[in-house]
Amino acid sequence: MTTPANLRDDPGVIAPLLLAWYDRHARDLPWRAPPGTPAMDPYRVWLSEIMLQQTTVAAVRSYFDRFTALWPDVQALAAAPEAQVMAEWAGLGYYARARNLIACAREVAATGFPDTREGLVRLPGIGPYTSAAIAAIAFDRAETVVDGNVERVVARLFSVDTPLPAAKRELTALAATLTPAQRPGDFAQAMMDLGATICTPRSPACGICPLIAQCAARARGIAADLPRRAPKQAKPVRHGVVWVASSPQAVLVGRRPASGLLGGTLGFPTTGWDGSDLPAPFAADWQDGGEVRHVFTHFDLRLRILTAPLPDGRGIPRRDFDPQALPGLMRKVWALAGGGTGRDGRLPNTPPGKY
């Protein structure tokens with residue numbers, strides 16, 4: 001069994017083994033070219049990488065298919081109304097990605113996609129990881145692509161005991177020693193597939209891993225324990241209020257400011273958790289509609305729902321209101337408030353006879 005020192009001395013052994021495995025077992029994904037074939041259209045690679053930031057492959061598939069059906073190339077996406085793009089993005093979360101997607105599409109439509117990591121990283125919404133991934137996968141550049149799956153594979157191959165996130169720099173440097181000059185895009189995707197399907201966070205399937213003989217953590221019997229992680233600090237909890245008002249004819253919603261949390265998305269009036277300090281949208285006998293709990297990256301949210309009948313002349317017509325265009329938090333709010341699904345169109349906890 002190979003030791004860490006052996007692999008550090010001869011990292012070139014990994015790529016041929018992994019690529020041979022990838023040629024047989026690559027996942028069939030709509031944004032991916034088959035192994036050993038010319039790269040997919042850079043637009044599809046870029047779009048998938050933006051969608052996959054902090055989101056699972058399973059969640060992204062349907063969004064990717066819908067986006068590419070609506071906007072088959074970057075010029076079409078660049079010309080799309082921003083509100084429509086934000087509505088189609090609803091449910092994927094991390095809405096700054098959608099705003100940057102639009103800005104990037106408009107820039108690329110005018111200038112074309114850069115074909116290097118250095119050029120790509122200057123575009124809106126494209127950071128070090130995404131620029132390396134697009135350069136490798138779309139343009140066959142020998143860039144090192146390191147996501148969570150790759151960090152785990154590398155930590156186990158080299159038996160890196162340093163906990164994450166402190167180990168990130170070391171893991172990236174070690175991953176760079178594995179990146180081949182030939183087929184770097186396939187190699188990057190092979191590393192991701194290995195981490196997603198075999199070298200999984202819990203109960204890795206070491207017995208069928210193509211790199212079992214090279215894995216130092218496996219030799220030490222600690223593969224399932226790596227990568228180690230520093231203890232997580234408890235997230236702070238924020239509290240706020242959201243007002244949901246509905247009638248048989250209309251719903252009170254509006255577009256949130258372009259910047260900030262849930263920026264540019266459709267939502268109900270809310271306050272107290274997102275830096276705002278707003279009064280109720282109108283005077284009414286607001287009723288307690290329950291509490292929604294939602295997890296953001298850096299905090300947990302407890303949002304108190306208050307409901308009331310919507311006065312005539314307020315809100316948008318129900319025929320123009322699509323709950324599926326709401327971000328996940330606001331969908332939860334709408335569902336808990338009852339969604340106005342009663343036969344008379346009022347929210348279930350609105351007093352009878354009042355709309």
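User: How many helices and strands are in the protein chain?

Analyst: There are 14 helices and eight strands. Helices (H or I, at least four residues) and strands (E, at least two) are DSSP runs, numbered from the N terminus. This is a predicted model, where local features need pLDDT of at least 70, side-chain atom pairs count only at pLDDT 80 or more, and totals for chains, interfaces and linings use all residues. Residues are numbered from 1 along each chain as its sequence is written, and side-chain values use heavy atoms, with hydrogens and water left out.

User: Where does pLDDT stay under 50?

Analyst: First the idea: pLDDT is the predictor's confidence in each residue, from 0 to 100. Where it is low, the predicted coordinates should not be read in detail. Here, residues 340-355 stay under 50. The model has 38 contacts beyond four places in sequence for that stretch, a contact being heavy atoms within 4.5 Å. The chain has a mean pLDDT of 91, with 94% of its residues at 70 or more.

User: Which strands does E1 join, and do they run parallel or antiparallel?

Analyst: Two strands pair if DSSP finds at least two bridges between them. Strand E1 (residues 237-246) runs parallel to strand E7 (residues 300-309), joined by 10 bridges; valine 242, for one, has isoleucine 305 in E7 as its bridge partner. E1 is also joined by two bridges to strand E5 (residues 270-271), this time antiparallel, and there valine 241 partners threonine 271. As background, side chains in a regular strand alternate between the two faces of the sheet.

User: Why is H3 largely enclosed by the rest of the structure?

Analyst: Buried means under 20% relative accessible area, exposed over 50%, partly exposed in between (1.4 Å probe, protein chains only). Across the 355 residues of the chain, 48% count as buried. In H3, 10 of the 11 residues are buried, so the helix is largely enclosed by the rest of the structure. Among them are Tyr43, Trp46, Glu49 and Met51. The cover over the buried residues includes helix H4 (57-70), helix H5 (74-79), helix H6 (82-89), H7 and H9. Just after H3, glutamine 54 takes a positive phi of about 60 degrees.

User: How much space lies in the largest pocket, and which residues are closest to its centre?

Analyst: Rolling a probe the size of a water molecule over the atoms shows where empty space is left. On a 1 Å grid over the protein atoms alone, a cavity is a set of points where a 1.4 Å probe fits but cannot get out, while a pocket is an open set with protein on both sides within 12 Å along at least five of seven lines; lining residues have an atom within 4 Å of a point. Grid points are joined across faces, edges and corners, and a volume is the space filled by probe spheres set on the points. The largest pocket holds about 1400 Å³. Of its 42 lining residues, Gln54, Asp147, Gly148, Glu151 and Lys168 are closest to the centre. Elements giving two or more residues to that lining include helix H3 (42-52) and helix H10 (148-157).

User: What about the second largest pocket, and which element gives the largest share of its lining?

Analyst: About 560 Å³ of space lies there. Of the 24 lining residues, Gly93, Tyr94, Tyr95, Phe296 and Thr297 are closest to the centre. H7 gives the largest share, four residues.
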